[in-house]
Amino acid sequence: MSRSRAPVVQKEGIAEVLDRLAGVLRNRKDPQAERAADRDAAAPIARGAQAAPEQHNPPAKRNRSIGALLVDSGRLSPTDTEAVLRLARDEHLRFGDAAVRLGLVTRADVQHALARQFDYPYLAPGDDTLSPEVIAAYAPFSPAVQALRDLRTQLMLRWTDAEPPRKTLALVSPGRGDGRSYLAANLAVVFSQLGERTLLIDADLRNPRQHEIFRIPGRLGLSALLARRGDENVIHRIGGLLGLSVLPAGAAPPNPLELLSRSGFGALLSGLSAQYDVIVLDTPASELGTDFQSVAAAAGGALLITRRNVTRTADAQALSDSVAAAAVVVGAVINDH
Ligand SMILES: Nc1ncnc2c1ncn2[C@@H]1O[C@H](COP(=O)(O)OP(=O)(O)OP(=O)(O)O)[C@@H](O)[C@H]1O
Ligand SMILES: [Mg+2]
């Protein structure tokens, strides 16, 4: 894992924060759009960012054959495997190509098995384990997910791999529907796909959604841990995505701000930091109260999300200022949806 010292954006006005991020998320093929993005908060996250070199490729594990993976996943029967092996041998084909030629599996099945063989977990189209919103799991090679990987790279340079390395990051934004939950879920997935032990915590105790996105039971979660009514068994491993765990918000408490402001929250995060490489926290919109501030303070760092053509610059500035009082503003993202 390369460790590079990178400046962290801290206590700057929103214009400067966005300026620094401009090189990260804007469409580099359109310099005019870049300038507009700086001015009016219009640089899209999920569009056109150039591929950044991957820095943390986990070592490929090829100890399971494609055939075994296709059989394990129920795509191919052991009997059909024989026919595939025969064709592959006779025609000098690769196993996957032979299976496709025989009409026993689709190209997508083979691509999925290859990804698993190379420890790059994602879910096959049609698999409804998770909400389709988790595009990083379902469409990992799409341009939108490439933009998420670029964002991940920048966060590694500025936060998780900076000096000193930090693990926890809260996603904050001014308004409802800005995309905090969507981005938190997908960012957590792209970090986990890099081989990082990743924990996504739903610290939005007001309108929690990660349990729906990851289709896990949402009854017990962070609120129970903070109220000391649960143990870490409320953290769920996500099947099909190695290394990803989710701590749902749990039952909505009457006093979310009070729970999140207790010292127990910071202690919980420190304890979890020993078990995970990256911890991503979802938060409520800042317009609903100051929960976000407690979460950002406990995390130590925050990524500011703004929504293109919706977030007012003054609101983003105010949020940036109030986060900066308690934590490092690692950067800002303009979500275009
Ligand atoms: N970049 C995006 N691309 C496509 N859809 C998106 C994107 N960002 C957000 N969405 C969609 O917009 C809707 C609102 O997003 P999300 O729930 O993440 O917002 P939020 O900021 O968490 O809102 P809340 O205040 O309710 O917690 C969801 O349906 C989500 O799937
Ligand atoms: Mg949300």
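A residue is called buried here if 20 or more other C-beta atoms lie within 10 Å of its own. The structure described in this report is a predicted model.

Strand β6 covers residues 301-307, and seven of its seven residues are buried. In a regular strand the side chains alternate between the two faces of the sheet. In β6 both of these faces are covered. One side carries G301, L303, I305 and R307, while A302, L304 and T306 lie on the other, and all of them are buried.

Which strands does β6 run parallel to? One is strand β1, and another is strand β7. The table sets out the two pairings.

| Pair | Residues of the partner of β6 | Bridges | Example of facing residues |
|---|---|---|---|
| β1 and β6 | β1: residues 168-172 | three bridges, parallel | L171 opposite L303 |
| β6 and β7 | β7: residues 328-335 | seven bridges, parallel | A302 with V329 |

Helix α15, made of residues 313-324, belongs with β6 and β7 to a right-handed β-α-β unit.

**The sheet as a whole**

The pairings of β6 form part of an open sheet of seven strands, whose order is β3-β4-β2-β5-β1-β6-β7 and whose pairing is mixed. At the edges stand β3 (236-237) and β7; each has a single partner strand, so one side of each is left without a neighbour in the sheet.

**Helix α8**

Helix α8 comprises 18 residues, numbered 143-160. From its first C-alpha to its last it reaches 24 Å, which is close to the 26 Å expected at 1.5 Å a residue.

**The surroundings of ligand 1**

Ligand 1 is surrounded by 17 residues, of which the closest are R176, G179, S181, Y182 and H337.

Conventions
Residues are numbered from 1 along each chain as its sequence is written. Chains are lettered from A and ligands numbered from 1 in the order in which they are written. This is a predicted model: local features need pLDDT of at least 70, side-chain atom pairs count only at pLDDT 80 or more; totals for chains, interfaces and linings use all residues. A residue is near a molecule or strand if its C-beta atom, placed from the backbone, lies within 6 Å of it. A residue is buried if 20 or more other C-beta atoms lie within 10 Å of its own, exposed if 12 or fewer, and partly exposed in between; C-beta atoms are placed from the backbone. Helices (H or I, at least four residues) and strands (E, at least two) are DSSP runs, numbered from the N terminus. Two strands pair if DSSP finds at least two bridges between them. A crossover is right-handed if, with the strands pointing away from the viewer, the path from the first strand over the helix to the second runs clockwise. The expected span of a helix is 1.5 Å times one less than its number of residues.
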